[in-house]
Amino acid sequence: MARPVVGIIGNSYTIGDRYPAHAGGTINSEAVAEVADCVPLIIPSDPRFVSVAELMAVCDGFVLTGGRPNVHPEEYGEEATEAHGAFDRARDAISLPLVRACVASGQPFLGICRGFQEVNVALGGTLHPEIRELPGRDNHRMPPDATMDEQFALRHKVRFAPGGVFHRLMGAGEVMTNTLHGQGVIRAGRDIVIDGWAHDGTPEALYVRGAPGFTLSVQWHPEWNAAGDPVSRPLFTAFGDAVRAWAAGREAPLRHLA
């Protein structure tokens with residue numbers, strides 16, 4: 001039996017300072033193929049090439065990946081500053097309406113880092129360009145000159161709402177995660193439920209209240225060591241179950257939890 005297809009939102013990159021490309025991290029494909037047990041398909045996230053309707057027809061679910069470019073602040077009613085960093089407006093033009101369409105239809109998605117932020121912005125929420133500048137907040141960025149293992153190392157705890165969706169999924173009220181982000185959620189969008197927080201109060205896990213499908217999203221990077229990490233594996237396994245349920249035309253698992 002053919003595995004369902006998961007569209008992995010790609011990012012725009014320039015190779016060798018002159019060759020434009022769309023790319024997705026290999027660890028995203030590994031997590032989708034080996035843990036979620038679905039076919040990974042990297043999407044060229046640009047409305048010149050694909051439409052939201054076409055993507056939803058081709059794919060059974062989506063991973064909204066992390067990426068260096070940030071959501072443009074105009075998408076949440078603010079002006080761009082140097083602190084907001086680089087942008088990918090073509091990705092904004094695909095990912096934000098895709099989130100809204102999937103929330104409405106029940107088609108499953110998993111948001112990761114920038115993807116977590118996209119879900120919030122798509123539903124009317126806001127972001128802060130540099131969380132570490134807020135009073136009482138820590139630096140959530142990765143160490144810039146470290147090895148990959150060091151950058152993706154587990155660095156802080158995330159606590160979940162008691163009895164909430166993530167608490168029940170993980171079987172624990174608190175877990176250790178990596179952290180590689182500069183921006184963060186300030187105001188939650190409509191129907192966004194913040195279900196997990198770092199020790200400094202930074203939102204780390206969310207879902208969309210009342211959505212008919214899988215909408216779990218996290219600020220950390222669960223695709224790193226997804227098969228071996230006790231926090232990442234249940235997240236990708238549950239996502240894969242939801243994608244298979246969607247592909248089979250059945251009610252997605254976890255709907256009753258949200």
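## E74 and R89

E74 counts as exposed, at 53% relative accessibility (exposed is over 50% relative accessible area, buried under 20%, partly exposed in between; 1.4 Å probe, protein chains only). R89 counts as partly exposed, at 36%. Their side chains meet in a salt bridge at 3.5 Å, N to O (a side-chain nitrogen of Lys or Arg within 4 Å of a carboxyl oxygen of Asp or Glu). E74 sits in the loop between β5 (61–64) and α3 (89–105) and R89 in helix α3, so the bridge ties together parts 15 residues apart in sequence. Helices (H or I, at least four residues) and strands (E, at least two) are DSSP runs, numbered from the N terminus.

## Model basis

This is a predicted model: local features need pLDDT of at least 70, side-chain atom pairs pLDDT 80 or more, while totals for chains, interfaces and linings use all residues. Residues are numbered from 1 along each chain as its sequence is written, and side-chain values use heavy atoms, without hydrogens and water.

## Other salt bridges

The salt-bridge count is 10. R91 and E118 pair at 2.7 Å, N to O. R91 is in helix α3 and E118 in helix α4 (residues 114–122), 27 residues apart. Both are buried. A salt-bridge network links E74, E75, R89, R91, D92, R114 and E118.

K157 and E174 form a salt bridge at 3.6 Å, N to O. K157 lies in strand β8 (residues 156–160) and E174 in strand β9 (residues 174–177), so parts 17 residues apart in sequence are tied together. K157 is partly exposed, at 44%. E174 is partly exposed, at 44%.
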